[in-house]
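Biologist: Hi! I'm new to this one and would like a friendly tour. Could you put it up on the screen?

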Amino acid sequence: MSEEKFDAIVIGAGMAGNAAAYTMASRGLKVLQLERGEYPGSKNVQGAIMYANMLEKIIPDFRDDAPLERHLVEQRFWMMDDTSHVGIQYRSDDFNESRPERYTIIRAQFDRWFSRKVRAAGATVLCETTATELAHEGGKVIGVRTDRTGDIILADTVVLAEGANGLLGTRAGLRQTPTPESVALAVKEIHFLPEDVIDQRFGLHGNEGCVIEAAGTISRGMAGLAFLYTNKESISLGIGCLVSDFAATCESPYELLEAFKNHPSIKHLIAGTEVKEYAAHLIPEGGYKAIPALFGDGWVVVGDAAQLNNAVHREGSNLAMTSGRIAGEAIFDVKSRGGRMTKKNLALYKTMLDESFVIKDLKKYKDMPALLHTNSRNFFMTYPKLMSEASKNFMRVDGTPKIENERATTAAFIKARSRLGLVSDAVRLAFAWR
């Protein structure tokens, strides 16, 4: 390898890295992909949602053989207190279409499938290989050193797809180490159940799937979210909160997960399951304002390493695949015009990304992370309790006049936040959502 020179070296074989490597290799570029895991996906013991539109732009016929679990026909969002939940949900038979938009997947299986496509496109993929540092010459990145020999592997461009906690870019000073306020730690499990039992419990048929996302007192006042995805013969569930909140509160991620699993609204859904897999994962949560420099002389950064995650809509894999694809297309465009991989030329990647939904969506919600992070106790503790109590008052029929219940609910909101606080919260939320 040290005697060869590649058009591009891709660091990482997750969604973003595979998208970048496939895009370039399928266009005839000489690509080397380095993955430190035993195989692509070996570090991703988790379920996820995959967005078809973004993958179709890379592999149009992916549905022919990709390891897809279920297509989603129902989405539930719950606001939970300790014993109940208030929820909204949307279910439509329109999602039982010939080419569904969203699927649940098991990342370990999906990433291996994606990597096989990368190899088939002509890329060289090396697993159990860690890139230890970027090699520079005259201020330009010219390749990488690995833990195999220490020799430099040369490339015109290095694509950093190393995840939220990747060290290569930070060691080289290309981006800062993510702050505890800009990343969440999520703990996840996969619970196995027979397919027909999952269908019965969630009201599903065939390959239909359901997603539940929940916020509230389950995160104990921290900014966080819990989730549950249905797979064919398993259920993926987990909970994540900001690293800074875990540090400040000394809460245990594992205890949060256990509390979520034992919540009355969840417990019956996973009763009798067999837990075979457990993992922890860092997720970028800083939003638009946390995006680092995305390109330079001889390098670009994509996916979670670039903080490209839409926390408001809980979208990550679609941003990862799109940023990887766009990076690959930009590099190919520069290469096909005979250009060098300078900072000026690689600015094309940023221009193309700015024109995509990725940056437009993140920019729209640029103020939302700060609002939720600085008011986490109100949004994740106070309001869930108030909403639960209001719903309980509305549902009870015990002879109490309705007007008294309404007055009690209004008084509870005012006591908890004050009139000024309620107006302030509503205005700030509206401005952050605009």
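**A first tour**

Modeller: Let's begin with a loop: Arg314 sits between β17 (299–301) and α9 (317–336). Keep in mind that this is a predicted model.

Biologist: What is the phi of Arg314 like?

Modeller: Phi of Arg314 is near 55°, which is positive in a residue other than glycine. Arg314 is partly exposed, since its relative accessible area is 32%.

Biologist: And which loop holds Glu128?

Modeller: Glu128 belongs to the loop between β7 (124–126) and β8 (131–137). Its phi is also positive, at about 50°, although Glu128 is not a glycine.

Biologist: Is Glu128 buried or exposed?

Modeller: Glu128 counts as exposed, because its relative accessibility is 56% and the cut-off for exposed is over 50%.

Biologist: OK, let's zoom out. Which domains is the protein divided into?

Modeller: There is domain 1 (6–67 + 106–178 + 290–355), then domain 2 (183–284) and domain 3 (367–433).

Biologist: How many Å separate the centres of domain 1 and domain 2?

Modeller: Taken over C-alpha atoms, those centres are 29 Å apart. In the contact between them, domain 1 supplies 14 residues and domain 2 supplies 17 residues.

Biologist: What about the inside? How many residues has the largest nonpolar core?

Modeller: The largest nonpolar core has 80 residues, and Met50, Phe62 and Phe114 have the most contacts inside it. At least three of its residues come from domain 1 and at least three from domain 2. A second, separate core has 26 residues, including Ile212, Ile218, Cys241 and Leu269.

Biologist: Which residues does Ile359 touch?

Modeller: Not counting residues up to four places away in sequence, Ile359 touches Tyr288, Ile291, Leu308, Leu353 and Asp354.

Biologist: Asp354 is charged, I think. With which residue does Asp354 form a salt bridge?

Modeller: Asp354 forms a salt bridge with Lys350, and their closest N and O atoms are 2.8 Å apart. Both residues lie in helix α10 (residues 343–354), four residues apart, or about one turn of the helix. Asp354 is partly exposed at 29% relative accessibility, and Lys350 is partly exposed at 28%.

Biologist: How many salt bridges does a search of the whole structure find?

Modeller: The search finds 25 salt bridges. One of them joins the side chains of Lys289 and Asp367, at 2.9 Å from N to O. That pair links distant parts of the chain, 78 residues apart: Lys289 is in the loop between β15 (274–284) and β16 (295–296), and Asp367 in the loop between α11 and α12 (368–374). Lys289 is exposed at 58% relative accessible area, while Asp367 is partly exposed at 24%.

Biologist: What about Arg76 and Glu74, buried or exposed?

Modeller: Arg76 is buried, with a relative accessible area of 12%, and Glu74 counts as buried at 2%. Their side chains meet in a salt bridge of 2.8 Å, N to O.

Biologist: Last topic, the surface. Which residues make a nonpolar surface patch?

Modeller: Val423, Val427 and Phe431 make a nonpolar surface patch of about 280 Å². Val427 lies in helix α14 (residues 402–433) and counts as partly exposed, at 41% relative accessibility.

Terms used. Residues numbered from 1 in each chain as written. Predicted model: local features only at pLDDT ≥ 70, side-chain atom pairs only at ≥ 80, totals over all residues. Heavy atoms only, no water. Patch = residues over 30% accessible without salt bridge, like charges linked within 9 Å, V, L, I, M, F, W, Y side chains within 5 Å. Areas by Shrake-Rupley, 256 points an atom, 1.4 Å probe, with all protein chains shown as cover. Salt bridge = Lys/Arg side-chain N within 4 Å of Asp/Glu carboxyl O. Helix = DSSP H or I, 4+ residues; strand = E, 2+ residues; numbered from the N terminus. Buried < 20%, exposed > 50% of the residue type's maximum accessible area, 1.4 Å probe, protein only. Core = buried A, V, L, I, M, F, W, Y, C linked by side-chain atoms within 4.5 Å. Domains from an automatic or database assignment. Contact = heavy atoms within 4.5 Å.
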